[in-house]
Amino acid sequence: MNAPRHPESFFRTEEGLGLWEHRGKVAAVGIGHSPTARRWDGRPETCVGALSLDALRRAMEDAGVDPANVDGLVMDPTTTTGAYWPRGRPAPEEVVNAFHATDNPLDGIAQLSSEWILGNMPELTDVGFAMYGDGCMARALCIAAQAVGDGLTHTCLVLKSWHNFEGRYYQGGSNAGSDLPGRSALSALWGAPVCYGTALQFAEYCRKYGKSHDMMAPFIENSRRNGLMFPEGYWAQHRPEEITPEDYQAARWIAKPANLFDNDLPIMMAAAYVLTTAERARDMRQEPVYILNHASSRTRPRSLTPTLDEVEEDTARSARKIYEGAGITAGDLSFENMYDGFALFHQFHLEGLGYRGVGFGEALDFYQTDISIHGPNPVLPSGGNIGCGRSRIWMHTDCMQQLQQRAGERQVTGVKPEVAVSGGPMPLGGNFLVWGATPD
Amino acid sequence: MKQGVVPDDLTRPFWEAANERRLVIQCCAACDRLQHPPGRRCHQCGSDEHIGWREVSGRATIYNYCVVHDTPVRVLQQDQPFNVAVVMLDEDPGIQMYSHLPGTPVDEVPVGAPVEVVFEATANGQFVPEWQVVEGAP
């Protein structure tokens, strides 16, 4: 069985749709994370496929779900962090042969099909619904939430996995070549790194509002501190290093005003969740975390890169969709947990949400106040990608764990965890989930 | 020197004009609206029936910039650090183009200053639009 790509009709992209029709009727009940690694070491048991099987099994175990009762799978077949399998290099036979292979020998190594997953998980005997959600976990979660609500699946696994190989980020492929195709040359000829668009927006933000890059230091410090309390994260597992304001301000530039610590570290990992109906969730091992809404942005910039005006208009629009479908306001948010990989756009999400009344141009001042997990205004208790590594997953897991009161050392203590929003990635084009400790 | 460019069907008019030292931008005649990067259809009305190309003046304004210290493009790494600016066309400030701003010192970019187009050869001889600050501009 190979999954179709998702139809756009699954997403709530417009304002004025009212309350989500399945508000509080879909719940997350299981979380599974694989171990992390900086890069693949070439062994079968650490390839991205193996990490994915591990995460899926952990999620079902966490939920107390019998694999035979799982009937849905939503996943992203693309697993690259920016590293690609070298053209012409054969897939290692010992890895291919260690699994139930598909027609593509790089399946499970440099990509991931639903056929590969189901072929290697014989315990999943009843999966009748499978769908691809490209891009990141937020998109896959939106699809799964809608599918469970619509009755297309009653117990659905949601999977996002990442591979990383040797070599520097995005430095292979056409970037190492002598020529570019005409379409990509319109932007790629100038050699801007991936963080360039965000750095541009941040530069304009600082000019417009009179802010400076060093004002990001408390946010970065807070993110890494929280990330080091996330035992599933890369930095906690492999490099328990805090970032001080001095470290941050001394870091080398990538695309000034974006420095090394404003960029997330590409890693290998997989994470999976179990979504089910609110009725079934009551009988499972963990406290259900109810999905109150999902919302998406499909805004595209007018030209090559989004302007600050385009970003601010769209984050505000996304917030209105998020709140409308969930029937909540900014005042209902227990904490703030939006995407951060790159750090320099996190404030756009926060300001768009109007978290704690913070308006456009005010987030960097807000970062100078108590944004810790122990204060009244927690920002990114997950630590995000800056605190845990590049996966676009941490804020979802953290929202669930915070609302279940099982976030361990990261558990927020200055607020009662009742309602949270997670999502991203970029300010334009993101997908967002609203989580509730109760269905209403 | 920048990487070479191999024009494709969609962008060939843009690159051919650059070789003639002209700047053309895709335009929907029905909407009277420029769009860049080009597409198969008008980004506004969705039609592919009125898509064409319009020559523009080659005057623009610097909107924003960053200084690249760590480029993924191999042939540019020896030139680091360098400016990468966004300029916006005088005909339509919604239309952006990238520029290394030849002649402008690194990190001394006059945001808001007028610029004019020049054409620069790439590694395979294809010319590409670049932008220079207009002399005498503040």
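These legends describe close-up views of a predicted model.

**View 1. Strand β5 of chain B and its burial.** Strand β5(B) covers residues 59-68. Of its 10 residues, 8 are buried, so the strand is largely enclosed by the rest of the structure.

**View 2. Pairing of β5(B) with β6(B).** Strand β6 of chain B spans residues 82-89. β5(B) and β6(B) run antiparallel and are joined by 8 bridges. Within this pairing, Y65(B) faces A85(B) of β6(B).

**View 3. Pairing of β5(B) with β8(B).** Strand β8 of chain B spans residues 114-121. The pairing with β5(B) is again antiparallel, here over 3 bridges. T61(B) lies opposite P114(B), a residue of β8(B).

**View 4. Pairing of β5(B) with a strand of chain A.** β5(B) also pairs with strand β6 of chain A, residues 253-256. The sense is antiparallel, and 2 bridges link the strands. K256(A) has V67(B) of β5(B) as its bridge partner.

View 5. H346(A) belongs to helix α12 of chain A, which covers residues 346-353. Its relative accessible area is 0%, so H346(A) counts as buried, the cut-off being under 20%. The H346(A) side chain comes to 3.0 Å from the backbone oxygen of Y339(A). Leaving aside residues up to four places away in sequence, H346(A) touches F219(A), E336(A), M338(A), Y339(A) and D340(A), as well as Y367(A), V379(A) and L380(A).

Conventions: Residues are numbered from 1 along each chain as its sequence is written. Chains are lettered from A and ligands numbered from 1 in the order in which they are written. This is a predicted model: local features need pLDDT of at least 70, side-chain atom pairs count only at pLDDT 80 or more; totals for chains, interfaces and linings use all residues. Side-chain values use heavy atoms; hydrogens and water are left out. Buried means under 20% relative accessible area, exposed over 50%, partly exposed in between (1.4 Å probe, protein chains only). Helices (H or I, at least four residues) and strands (E, at least two) are DSSP runs, numbered from the N terminus. Two strands pair if DSSP finds at least two bridges between them. A polar contact is a pair of N or O atoms within 3.5 Å; within protein, one must be able to donate a hydrogen and the other to accept it, and residues adjacent in sequence count only if both atoms are side-chain atoms. Contact means heavy atoms within 4.5 Å.
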